[in-house]
Amino acid sequence: MKTYLIGIDIGTSGCKIAVFNKAGEVLAAQSGTYPVYYPKPGWAEQNPEDWWNTICQVLPEMLQKAEISPDEIAGIGIDGQSWSAIAVDENGNVLTNTPIWMDTRAQDICDELNERIGKDRIFKLCGNSLQPSYTTPKIVWYQRNLPEVYAKTAKILQSNSYIAFKLTGKMTQDVSQGYGLHCFNMQEMTWDFAMCEELGFSKDLLPEIYPCHAVIGTVTEEAAKESGLCVGIPVVAGGLDAACAALGVGVLHDGETQEQGGQAGGMSICMDHYCADERLILGAHVVPGHWLLQGGTTGGGGVMRWLEKEFGDWEREEGKRRGVSSLDLMNEEAKVIPAGSDGVVFLPYMSGERSPIWDPDAKGVYYGLDFSKKKGHLIRAAMEGTAYALKHNLEAAEEAGAKVEVLKAMGGAANSHLWTQIKSDVTGKTMEVPSSDTATTLGAALLAGVGVGMYESFEEAVEKTVNKGRVHTPNVEHKEIHEKNYETYRALYEQLKSLMKKTGGKKQ
């Protein structure tokens, strides 16, 4: 009997693959990395073929570790990073690197389309403002700057739909990633071809939309040879990484909220009704009939990876000597610094910033340094800065009418008890950590489980697989300190944004 499910997560810094049993227990997990390319200021690209090649390397290793035969796999679910624009020809060949969610090269295109079509009209249709991070302006950028690529493009795919194509040979669009295109009617969850025409690109580029748990095909002979899988395994459409992560921590009902601590940071609030706000991001949940009101910041776990890469030489060497992670050592350095980092405040806008300020020229900033400050101050201030970004997004969501009481945390950052506690202290919300490392792949796997009938419903899937985990409650003694620093955090951006824009450099 086929009793196992595979979840594949196409992240920014690498892919993660895990195999689960029906109870949601991880039998094995494996990860692989691939590069992000930064060829020009404001540009951030990846080669989708790197994703597939890494998956084909990682999958056999994971199956071997789990001691599972490929013919025991009941289904495969795939989640992926947002706002890709993968241009493929009619045979599915990738025609150029895809700009990813951090890419802001198309700001001028957004300005033009907002002026010509009307930003209010665009927002009314799709529930999202037109920003350079999204898929829409990237397609128009291809048309204007890479006409030879645009002429050969048969479809524009998302990260998960590209991998689904590589596995099944079918080009699709899942409903949860529709929010990246501003010709997607967010209330009806269908394409609006009239708006597509106004935006200036062909409707033929848009794949057919599928529910995230719909089986779109099975593993082909070619894919089986490349990946180590077997022919005929069902593959579902999959969905947005944040939406799958929300499912993987048990976010199913109105008001339940997932807090994301991966490369990027943010939150996803489940809504049982349409609720859009121009400062935030609105998308369809992978659970039918629900939306996710999201806040997305460029400052997440990637901030800590940057700090470790650039300033963590001692921690890497000491970690090797002691057999511990360099990030764990950095966590210990931050732990001895008092709440509020002795007045050091960090703006985590390391690749511009998304919600709620939507400023591609925003810059990372440390404020409050003097000769008494140590590396630990920089590390803790970075943790607190990402927490302030989360608080900023939560405030916008609550002003829009959302009610949030408990945040269910996931991602690598949730492994840090200190960082999770800081987020609880800053936001004043209780934080639960059901499963920090496997929530996203579990969510993708649960889509497959529902799609192939292993679970009768999403409720049953969550009930059988998701546990509450550890809990963090706000430390009231730190409330006043963080409120003061948060005021500084907000004031710093307001005071510096004109200078950031002036010195940001023109995007090509």
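I looked up the lining of the largest pocket by class and got 19 nonpolar, 19 polar and 8 charged residues. Ala, Val, Leu, Ile, Met, Phe, Trp, Tyr, Cys and Pro count as nonpolar, Asp, Glu, Lys and Arg as charged, and the others, Gly among them, as polar. This is a predicted model, where local features need pLDDT of at least 70 and side-chain atom pairs count only at pLDDT 80 or more, while totals for chains, interfaces and linings use all residues. Residues are numbered from 1 along each chain as its sequence is written, and side-chain values use heavy atoms, with hydrogens and water left out.

Next I noted the space in the largest pocket, about 1200 Å³. A pocket is an open set of points on a 1 Å grid over the protein atoms alone where a 1.4 Å probe fits, with protein on both sides within 12 Å along at least five of seven lines; lining residues have an atom within 4 Å of a point. Of the 46 lining residues, I found Gln-263, Gly-302, Val-303, Arg-305 and Trp-306 closest to the centre of the largest pocket.

Which helix gives the largest share of the lining? I found helix 9, with 9 residues. Helix 9 (301-311), helix 11 (326-335) and helix 13 (417-427) each supply at least two residues. Helices are DSSP runs (H or I, at least four residues), numbered from the N terminus.

I then followed helix 11 to helix 12 (residues 375-399): their axes come within 8 Å and cross at roughly 95 degrees. Helix 11 is therefore roughly perpendicular to helix 12 (65 to 115 degrees). Axes are lines fitted to C-alpha atoms over the stretch in contact, and angles run from 0 to 180 degrees between N-to-C directions. Among the residues in contact (heavy atoms within 4.5 Å) I listed Met-330 and Glu-333 of helix 11, and Ile-379 and Arg-380 of helix 12. By class, this contact has 4 nonpolar, 2 polar and 4 charged residues.

Helix 14 took two entries. Helix 8 (residues 241-248) packs against helix 14 at about 85 degrees, with the axes 7 Å apart, so helix 8 is roughly perpendicular to helix 14. I counted 8 nonpolar, 3 polar and 1 charged residues in that contact.

Helix 14 (residues 439-451) and helix 15 (residues 458-465) pack at about 130 degrees, with axes 10 Å apart. That makes helix 14 oblique to helix 15. I noted Leu-442, Leu-446, Leu-447 and Val-450 in helix 14 meeting Phe-458, Ala-461 and Thr-465 in helix 15. This contact has 6 nonpolar, 1 polar and no charged residues.

Methods: Parallel < 35°, antiparallel > 145°, perpendicular 65-115°, else oblique. Points joined across faces, edges and corners; volume = space filled by probe spheres on them.
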